[in-house]
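Me: Please take the structure below and go through some of its local features one by one.

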Amino acid sequence: MLLLPVQECTLQAASLISQRKLAQASEILVEIVTSLRERRGEFERAEAGQQLNVDDLIFLPLNEDNDADCPDWDDDFFGLPFAVFAPHAGKPVAKYEVTEPIAAACTGVCLFLLGLCYQISAREHERQCPETALKTASSFYNHAWTTLQQVSSNTSCSDTSTTFLLMATATNAATCCYELADLDSANAWFSSLRDILTFCWLKDDHLAMELHNFFLMTSTITTTFVAAGAA
């Protein structure tokens, strides 16, 4: 299985989320996750030494114009969808095959995006059982976190790997828990976010610094709200 179709589908889903075509985006994401799981045996047989490493993948949050961007600093959750990209250097993108770690990373992205679909739906359609949508979003974020943690490097946290995606997952899961009045879980998620912020390192990149500052501000300000709610 080639990586390029997966990359294109995540980009399409991200674009649909930006357009608030959430049902269509969800259908694509479910198809990707299902396909990756059904073909797991194929990925296990791939020769990882000749393929792309997970740390080489680039996960970028995209705005409505499909440009890499950072949310407004006054947003209390990470509302931009991520897409996955293979590096252009070296082998042509169309030639990269999916290995088991790459499949897990792409699955993690899709699970995050499914959570985002439900969280956006809960916020923009408050009359249509927002509590149910928030619980579903929280469940997807939990699965995304577990999946991404399994494939993230234990020795490095770079802005081109899963670091910012993990930060976004923790932030959004925390806000879901807060809105569901589960303050203990919200605090646990913000604690995980602060741990990543403490140990990650950044390249000299404007977007990376903006994203880091967004999550730093979110972890500080929103934690204060959670603490006040628990008092």
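**Helices and a strand pair**

Reply: A13 is found in helix α1 (residues 3-18); helices (H or I, at least four residues) and strands (E, at least two) are DSSP runs, numbered from the N terminus. This is a predicted model, in which local features need pLDDT of at least 70, side-chain atom pairs count only at pLDDT 80 or more, and totals for chains, interfaces and linings use all residues. Residues are numbered from 1 along each chain as its sequence is written, and side-chain values use heavy atoms, with hydrogens and water left out.

Me: Is A13 buried or exposed?

Reply: Buried means under 20% relative accessible area, exposed over 50%, and partly exposed in between (1.4 Å probe, protein chains only). The relative accessible area of A13 is 0%, so A13 is buried.

Me: Which residues does A13 touch, not counting those up to four places away in sequence?

Reply: Contact means heavy atoms within 4.5 Å. On the contact criterion, A13 touches A25, I28 and L29.

Me: How many of the 17 residues of α6 are buried?

Reply: Helix α6 covers residues 163-179. It is largely enclosed by the rest of the structure, because the number buried is 15 of the 17.

Me: What is the bridge partner of P61 in β2?

Reply: Strand β1 (residues 58-61) has F59 and P61 on its covered face. Four bridges join β1 to strand β2 (residues 82-85), and the two run antiparallel; strands pair if DSSP finds at least two bridges between them. In β2, the partner of P61 is F82.

Conventions:
The expected span of a helix is 1.5 Å times one less than its number of residues.
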